[in-house]
Amino acid sequence: MEILILPDADAVAARAAGIVQDMVSHRPDAVLGLATGSTPVAMYRRLVERHRAGGLSFAGITTFNLDEYLGLPEGSPLGYRRFMREHLFDHIDIDPANTHLPECAPGADPRTVGPAYEDAIRSAGGIDLQVLGIGANGHIGFNEPGSSLGSRTRIKTLAQRTVDDNSRLLGEGETQPGLAITMGIATITAARRILLLATGEHKARAVALAFEGPLTAMHPASALQMHPRVRVILDEPAASELAQQRYYHWVEEQNESIAARHGGSADEDPWFHPSVDERDD
Ligand code: F6R
């Protein structure tokens with residue numbers, strides 16, 4: 001786990017966009033795992049700007065989103081495909097056929113979606129970089145507290161806290177769905193690299209429990225402690241309950257000086273250095 005604390009949400013978005021850009025540049029056929037929610041929106045905006053400015057192409061990229069609500073009426077504005085199109089897909093050169101969400105077609109048995117999604121991820125070669133937010137209750141994807149740490153993509157009943165948190169985005173006459181299909185915790189932690197973003201004081205407790213608390217299914221993000229390549233990027237309010245903040249800053253300085261001495265560009269996140277081909281792990 002490498003925890004980077006930056007002054008504000010803008011800096012978090014810029015650094016996160018840089019990491020995604022590094023991945024796409026080093027591996028133009030990369031498989032990205034993507035998140036919805038308010039946290040990554042600013043990062044997507046920067047990726048769109050970098051694409052428009054030239055030099056960042058998503059033409060060979062494949063994406064798998066973490067989750068999708070189940071039982072939404074067709075064309076619902078709450079749908080995550082719509083979210084992804086609005087914030088990213090419609091503004092870059094990605095092939096829509098290569099963008100995947102765990103969607104359940106009308107009339108289909110939702111229980112078949114998870115295994116098919118797992119097959120699709122496997123056939124694509126696995127996820128190279130998974131982007132995550134974190135719920136105030138510690139969820140990643142829609143793996144709510146109590147989710148098995150060995151879970152795979154499946155139907156999940158949302159916790160009341162999640163329903164309440166996400167209701168803030170509802171338009172008039174819309175109701176918050178209570179079910180979703182989500183990548184499991186084992187699906188997420190099978191990604192070769194993981195980038196978790198959190199901004200705002202309302203995430204501080206969840207962040208501290210995830211990275212300085214015990215590994216427990218009651219706080220699903222704590223499962224990331226078992227993963228060898230996790231980059232956590234926080235703004236100061238989201239980091240405010242971490243006990244080891246000074247140490248994380250110190251580690252970062254060391255990483256930067258190692259990168260300066262042994263290779264790695266100034267614009268590149270020292271964590272990203274692609275000297276190891278994780279596909280061989
Ligand atoms: C989104 C997702 C969720 C969010 C989390 C934080 O696809 O799976 O885990 O990342 O609920 O949401 P925001 O960013 O809205 O605070």
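**Exercise 1.** Leaving aside its neighbours within four places in sequence, find which residues Thr36 is in contact with.

*Solution.* Start with the ground rules: this is a predicted model, where local features need pLDDT of at least 70, side-chain atom pairs count only at pLDDT 80 or more, and totals for chains, interfaces and linings use all residues. Residues are numbered from 1 along each chain as its sequence is written, and side-chain values use heavy atoms, with hydrogens and water left out.

- Step 1: locate Thr36, which sits in the loop between β2 (31-34) and α2. Helices (H or I, at least four residues) and strands (E, at least two) are DSSP runs, numbered from the N terminus.
- Step 2: list its partners, where contact means heavy atoms within 4.5 Å. They are Asn65, Asp67, Tyr80, Phe83 and Met84.
- Step 3: check the surface. Thr36 has a relative accessible area of 12%, so it is buried (under 20% is buried, over 50% exposed, and partly exposed in between, with a 1.4 Å probe and protein chains only).

**Exercise 2.** Describe how helix α2 packs with helix α3.

*Solution.* Two packed helices are described by the angle between their axes and the distance between the axes.

- Step 1: take the two helices, α2 at residues 41-52 and α3 at residues 80-87; their axes are 9 Å apart, at an angle of about 45°. Axes here are lines fitted to C-alpha atoms, for helices over the stretch in contact, and angles run from 0 to 180 degrees between N-to-C directions.
- Step 2: name the arrangement. That angle makes α2 oblique to α3 (under 35 degrees is roughly parallel, over 145 roughly antiparallel, 65 to 115 roughly perpendicular, and the rest oblique).
- Step 3: find the residues. From α2 come Val41, Tyr44 and Val48, and they meet Phe83, Met84 and His87 of α3.
- Step 4: sort them by class, which gives 5 nonpolar, 1 polar and no charged residues. Ala, Val, Leu, Ile, Met, Phe, Trp, Tyr, Cys and Pro count as nonpolar, Asp, Glu, Lys and Arg as charged, and the others, Gly among them, as polar.

**Exercise 3.** Work out which residues of helix α4 are buried, and what they pack against.

*Solution.* 

- Step 1: go through residues 113-123 and pick out the buried ones: Val113, Gly114, Tyr117, Glu118 and Ile121.
- Step 2: look down the axis of α4. The buried residues fall within an arc of 135°, so they line one face of the helix; the arc is that of the directions from the helix axis to the C-beta atoms.
- Step 3: turn to the face pointing away from the buried side, where you'll find the exposed residues Arg122 and Ser123.
- Step 4: see what the buried residues pack against, namely β3 (62-65), β5 (99-100), β7 (154-157), β8 (179-182) and α6 (185-189).
- Step 5: look at what follows. Just after α4, Gly125 has a positive phi of about 100°.

**Exercise 4.** Say whether Thr182 and Arg111 are buried or exposed.

*Solution.* 

- Step 1: find Thr182 in strand β8. Its relative accessibility is 0%, so it counts as buried.
- Step 2: list what Thr182 touches, not counting residues up to four places away in sequence; among them are Leu66, Asp67, Phe142, Arg152 and Arg154.
- Step 3: move to Arg111, in the loop between β5 and α4. With 63% relative accessibility, Arg111 counts as exposed.
- Step 4: Arg111 and Arg154 lie 43 residues apart in sequence, and their C-alpha atoms are 7.0 Å apart.

**Exercise 5.** Describe the chain as a whole, from its helices and strands to its radius of gyration.

*Solution.* 

- Step 1: count 9 helices and 10 strands.
- Step 2: compare the radius of gyration, 18 Å, with the 19 Å that the globule rule gives for 281 residues; the two are close, so the chain is as compact as a globular protein of that length. The radius is taken over C-alpha atoms, and the rule is 2.2 Å times the number of residues to the power 0.38.
- Step 3: note the span of the C-alpha trace, about 60 × 40 × 35 Å along its principal axes.
- Step 4: Residues 24 or more positions apart account for 80% of them.
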